[in-house]
Amino acid sequence: MNRQDLITKIKEKKELSGLSSKIVEEELNKETKNIDLASLSEKEIKVIIKSVRNSLRKLTGRFQYTSKKENILDAHASTKERKEDYPFLKSMLKDLNVQSILDLGCGLNPLALAEPSLEYYAVDIKEDELKIIHDYFKLNNIKGRAFFYDVRKIKDDLPRTDITLILKLFDVLESKGHKLAEKIINHIHSKHILISFSTKTLSGKPMNHPQRGWIEHLLARLNYKFKMLARKNEIFYLAERN
Ligand SMILES: C[S@@+](CC[C@H](N)C(=O)[O-])C[C@H]1O[C@@H](n2cnc3c(N)ncnc32)[C@H](O)[C@@H]1O
């Protein structure tokens with residue numbers, strides 16, 4: 001099996017099919033550095049496919065697909081869990097007089113928050129969801145863009161906006177340490193950053209200690225003042241540069 005066939009095979013799983021092939025290839029390359037794929041047995045190839053899929057699943061987050069088209073926000077566990085909090089988020093954006101938003105690892109979140117009065121820049125690595133958002137923006141005259149961007153390689157090339165949203169992203173990006181979170185925050189040039197974390201465990205049970213002490217220390221060290229806003233399923237940190 002050549003590299004391209006392997007990428008296609010890995011993407012056969014429904015929950016990975018929308019991922020950019022570039023991301024799949026990078027993950028595959030990490031696992032098969034210096035290995036000649038042609039020399040591998042069928043069994044070894046299977047192990048590699050399984051392992052790459054597992055790594056990719058960590059990036060894509062939890063999924064629940066639904067056949068109900070009219071309720072697309074329910075297709076994504078993140079937006080579904082947040083449904084009752086969207087009015088709260090919208091009024092927060094209004095109170096902060098936000099005119100422009102950068103949404104990192106956006107998922108389907110822009111479908112709930114974008115409005116023609118806001119400029120919205122939505123980035124993710126899932127091309128299928130970016131396409132849905134792109135079409136939605138076009139149809140609803142939303143200013144801005146939805147585009148592929150791997151935040152692990154963040155540079156100073158992202159649009160400068162009033163607020164940057166980092167919703168339920170950090171837990172997906174790193175399981176050990178918080179170097180990447182620091183790098184990302186250091187490359188953000190918005191007045192406000194809204195960071196959130198799920199307050200449920202992967203099995204859906206409420207966490208005993210949903211507060212993330214590490215982000216509080218990091219924000220303080222990077223000279224941000226912040227407030228914590230705890231909701232039923234999610235904990236938000238609204239940070240402002242001092
Ligand atoms: C748990 S979901 C949260 C989605 C959305 N922010 C929300 O709260 O509804 C995590 C999202 O981060 C995206 N993601 C994961 N790794 C990424 C990366 N390296 N760069 C950009 N987006 C990434 C996933 O594709 C997924 O849409």
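1. Helices (H or I, at least four residues) and strands (E, at least two) are DSSP runs, numbered from the N terminus. On that basis α4 gives the largest share of the shell around the ligand, three residues.

2. The model is predicted: local features need pLDDT of at least 70, side-chain atom pairs count only at pLDDT 80 or more, and totals for chains, interfaces and linings use all residues. Residues are numbered from 1 along each chain as its sequence is written, and side-chain values use heavy atoms, with hydrogens and water left out.

3. The ligand is surrounded by 21 residues, where a residue counts as near if one of its heavy atoms lies within 4 Å. The closest are R82, G105, D124, D150 and L167.

4. Polar contacts are pairs of N or O atoms within 3.5 Å. A ligand nitrogen lies 2.7 Å from a side-chain N or O atom of D150, and a polar backbone atom of L167 is 2.8 Å from a nitrogen atom of the ligand. For K126, a polar side-chain atom is 3.2 Å from a ligand oxygen.

5. The protein buries 98% of the 600 Å² that the ligand exposes when taken alone (Shrake-Rupley method, 1.4 Å probe). Elements giving two or more residues to the shell are α3 (42-60), α4 (77-82) and α8 (170-173).

6. Elsewhere, strands β6 (residues 224-230) and β7 (residues 234-241) pair in the antiparallel sense over seven bridges; pairing requires that DSSP find at least two bridges. Three residues separate β6 from β7 in this hairpin, and F226 stands opposite A239 in β7.

How values were computed: A polar contact is a pair of N or O atoms within 3.5 Å; within protein, one must be able to donate a hydrogen and the other to accept it, and residues adjacent in sequence count only if both atoms are side-chain atoms.
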